[in-house]
Amino acid sequence: RDYSLEHPVGDEMFATFARFFDKAPVPLEPRIESTDDSAEHWIKQTVSFAAGYGGERMLARLYLPRNAVPPYQVIIQMGGAATFYGSSSETEVSIHNWSYAEYLLRGGRAVLLPIWKGSYERSDGFDPLNASAAVFREHAIQWVSEIRRSVDYLQSRDDVDPERVGYQGISHGSVCAPVFLALEPRLRAGLVICGGFVVMQFGPDRIPPEIDTLNFAPRVAAPVLMLNGRHDPIFPYETSQLPMYRAFGTAEADKRHVTFPSGHSTSSWRNELIRESHDWLDRYFGPPRGPN
């Protein structure tokens, strides 16, 4: 697909699509399941709360930085497709794209890693690269419920700043960014890393319009920073990256797209990733509060 040649649906049709994601409210019933304070730079809490559908509860790993004080700024993260092929999130080494959470923590921001439906301990056989349209749609609807419930959970805590909750998506997680940011306005900033519109057909079906990110990006109002490899073969610059960036409904002054001479990897521009991301969050959230 060449998204530079395509157009999103109108507001009336989008309102119909948005209703796919509506859920009846249920009690949050939050719990802190365990606390691990053995790490040098953070405290890890395993928490759980109602997922918002089917009577399910979901786990999440909440990391609190030691070099900051409450109320914490918090970034919710979804990693790449390999997030859905792992079996455990028990240790940091087993969490796909953990290094992206770590750079935020070392910069003084808390990170919430939801155990998304289909991932790690909640694996159900979901294969993001080969799923049918119906299966992918089902999971996308569940993920939206989960990110909404994640924000509910964070806002229920006294140690979180409810106005400074953001989202970071890497690869697969960046594909979901327009959907999450459009449907959850309490996410006040977005970091979209190594992603764009999906131009290749991974599964057996074309992406259906009710979950096509092209239709959600124009409804995003939050500040968005996109960071990409200029030669990414999965998310090509001209047909994937630029169309997503241009489609975001965010005001021009509040969105930024930076590319680096690489492919689908940040390894050669790690320092730039850290600097650009923290500068962006500082701009909209202010610097994290350090100990006195």
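This is a predicted model: local features need pLDDT of at least 70, side-chain atom pairs count only at pLDDT 80 or more; totals for chains, interfaces and linings use all residues.
**Exercise 1. Trp-42 and Tyr-63**

Task: Classify the ring pair of Trp-42 and Tyr-63 as stacked or edge-to-face.

Solution: 
- Step 1. Take the distance: the ring centres are 6.2 Å apart. Rings pair if their centres lie within 6.5 Å.
- Step 2. Take the angle: the planes stand at 80°. Planes over 60 degrees apart count as edge-to-face.
- Step 3. Conclude: the pair of Trp-42 and Tyr-63 is therefore edge-to-face.
- Step 4. Place the residues. Trp-42 belongs to strand β2 (residues 42-50) and Tyr-63 to strand β3 (residues 57-65), so the pair ties together parts that are 21 residues apart in sequence.
- Step 5. Check the cover: Trp-42 and Tyr-63 are buried.

**Exercise 2. Trp-116 and Phe-180**

Task: Classify the ring pair of Trp-116 and Phe-180 as stacked or edge-to-face.

Solution: 
- Step 1. The centres of the two rings are 5.6 Å apart.
- Step 2. The planes of Trp-116 and Phe-180 stand at 10°, so this pair is stacked. The cut-off for stacked is under 30 degrees.
- Step 3. Trp-116 lies in the loop between β5 (110-114) and α3 (133-155), and Phe-180 lies in helix α5 (residues 177-183), so the pair ties together parts that are 64 residues apart in sequence.
- Step 4. Buried means under 20% relative accessible area. Trp-116 has 1%, so it is buried. Phe-180 has 1%, so it is buried too.

**Exercise 3. Strand β5**

Task: How many of the five residues of β5 are buried?

Solution: 
- Step 1. Look along one side: Ala-110, Leu-112 and Pro-114 point one way, and they are buried.
- Step 2. Look along the other: Val-111 and Leu-113 point the other way, and they are buried.
- Step 3. Count: five of the five are buried, so β5 is largely enclosed by the rest of the structure.
- Step 4. β3 runs antiparallel to β5, joined by four bridges. Strand β4 (residues 72-78) runs parallel to β5, joined by three bridges.
- Step 5. Focus on Val-111 in β5. Tyr-63 stands opposite Val-111. Ile-75 also stands opposite Val-111.

**Exercise 4. A charge over a ring**

Task: Over which ring does the charged end of Arg-230 sit?

Solution: Start at Arg-230. Its charged end sits over the ring of Tyr-237, 3.6 Å from the ring centre. Now try Arg-270: its charged end sits over the ring of Tyr-100, 5.4 Å from the centre.

Terms used:
Residues are numbered from 1 along each chain as its sequence is written. Side-chain values use heavy atoms; hydrogens and water are left out. Rings of Phe, Tyr and Trp (its six-membered ring) pair if their centres lie within 6.5 Å; planes under 30 degrees apart count as stacked, over 60 as edge-to-face and the rest as tilted. Helices (H or I, at least four residues) and strands (E, at least two) are DSSP runs, numbered from the N terminus. Buried means under 20% relative accessible area, exposed over 50%, partly exposed in between (1.4 Å probe, protein chains only). A charge sits over a ring if NZ of Lys or CZ of Arg is within 6 Å of the ring centre and within 35 degrees of the ring normal. Two strands pair if DSSP finds at least two bridges between them.
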